[in-house]
Amino acid sequence: MRIGLYPGTFDPITLGHIDIIARAAKMFDRLVIGVAINRDKGPLFTLEERVALVEQELKPYSGDGRGEIVVRPFDNLLVHFAEEVGAQSIVRGLRAVSDFEYEFQMVGMNSYLNDDIETVFLMADVKYQPIASRLVKEIARLGGDVSNFVTPAVAEALTARVAAQR
């Protein structure tokens, strides 16, 4: 069984994430979406909320020529989580050259930890390249419209969370 792992904080999940996931799901029998706890980033949504949003948004993307999609939280080293879920590949999305520089370092470090796990890079679709969760949250905090960057359900959750923090 070909198992891939697509890790991220997903705070919140964006259309760019969904694009990468939908395409990666065609490459694997099972695609594990690893939702990172990552306390250092100070997420807007709790881990449970992020997992629930990711699960909700990905329901349409399993089956129909795509592999099974499984969503799991994790708080350990990415390579150790990949080993735990049996992933042979880690999927990473790239938007710009600056993403590649960071990811290139991560691949090197991960290969030192386990050189049997390959990293697969997928370029974000051109229409999604400028989307970053960090920027989407900032737009929402400043009262902007995020509907071009996230699904309606995520936009609603994001708007409600930002309003509750005011």
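Buried, in this talk, means under 20% relative accessible area, while exposed means over 50% and partly exposed is in between, with a 1.4 Å probe and protein chains only.

Hello everyone, a quick word on what you are looking at. This is a predicted model, where local features need pLDDT of at least 70, side-chain atom pairs count only at pLDDT 80 or more, and totals for chains, interfaces and linings use all residues. Residues are numbered from 1 along each chain as its sequence is written, and side-chain values use heavy atoms, with hydrogens and water left out.

Let's start with the aromatic rings. The structure holds 4 aromatic pairs; rings of Phe, Tyr and Trp (its six-membered ring) pair if their centres lie within 6.5 Å, and planes under 30 degrees apart count as stacked, over 60 as edge-to-face and the rest as tilted. One of them joins Tyr 6 and Phe 10 edge-to-face, at 5.6 Å centre to centre with 65° between the planes. Tyr 6 is buried at 5% relative accessible area, and Phe 10 is buried at 3%. Phe 74 and Phe 81, our opening pair, are stacked instead, with 4.5 Å from centre to centre and 10° between the planes. There is also one aromatic cluster, made by Phe 100, Phe 104 and Phe 121.

Now to the charges. Side chains of opposite charge can pair when their charged atoms come close. How many salt bridges does the structure hold? There are 7, counting a side-chain nitrogen of Lys or Arg within 4 Å of a carboxyl oxygen of Asp or Glu.

Take Lys 137 and Asp 11, whose side chains meet at 2.8 Å, N to O. Lys 137 sits in helix 5 (residues 133-141) and Asp 11 in the loop between strand 1 (3-8) and helix 1 (15-24), so this bridge ties together parts that are 126 residues apart in sequence. Helices (H or I, at least four residues) and strands (E, at least two) are DSSP runs, numbered from the N terminus. Are these two partners buried or exposed? Lys 137 is buried, at 12% relative accessible area, and so is Asp 11, at 3%.

Asp 11 has another residue to look at: its C-alpha atom is 8.8 Å from that of Thr 46, though the two are 35 residues apart along the chain. Thr 46 lies in the loop between strand 2 (30-36) and helix 2 (47-58), and is partly exposed at 37%.

Another bridge joins Arg 23 and Asp 19, again at 2.8 Å, N to O. These two are 4 residues apart in helix 1, so about one helical turn separates them. Arg 23 is partly exposed at 30%, whereas Asp 19 is buried at 14%.

Then there is Glu 103 with Arg 92, whose closest N and O atoms are 2.7 Å apart. Glu 103 is in helix 4 and Arg 92 in strand 4 (residues 89-94), 11 residues apart. Both are buried.

Last stop, the surface. Glu 83, Asp 115, Asp 116 and Glu 118 gather there in a patch of negative charge. Asp 116 belongs to the loop between helix 4 (97-113) and strand 5 (118-123), and is exposed at 64%. Patches use residues with over 30% relative accessible area and no salt bridge, joining like charges within 9 Å and nonpolar side chains (Val, Leu, Ile, Met, Phe, Trp, Tyr) within 5 Å.

Conventions: Accessible areas come from the Shrake-Rupley method with a 1.4 Å probe; for residues, only the protein chains shown count as cover. Lys and Arg count as positive and Asp and Glu as negative; His and the chain ends are not counted. The place of a charge is taken as NZ of Lys, CZ of Arg, CG of Asp or CD of Glu.
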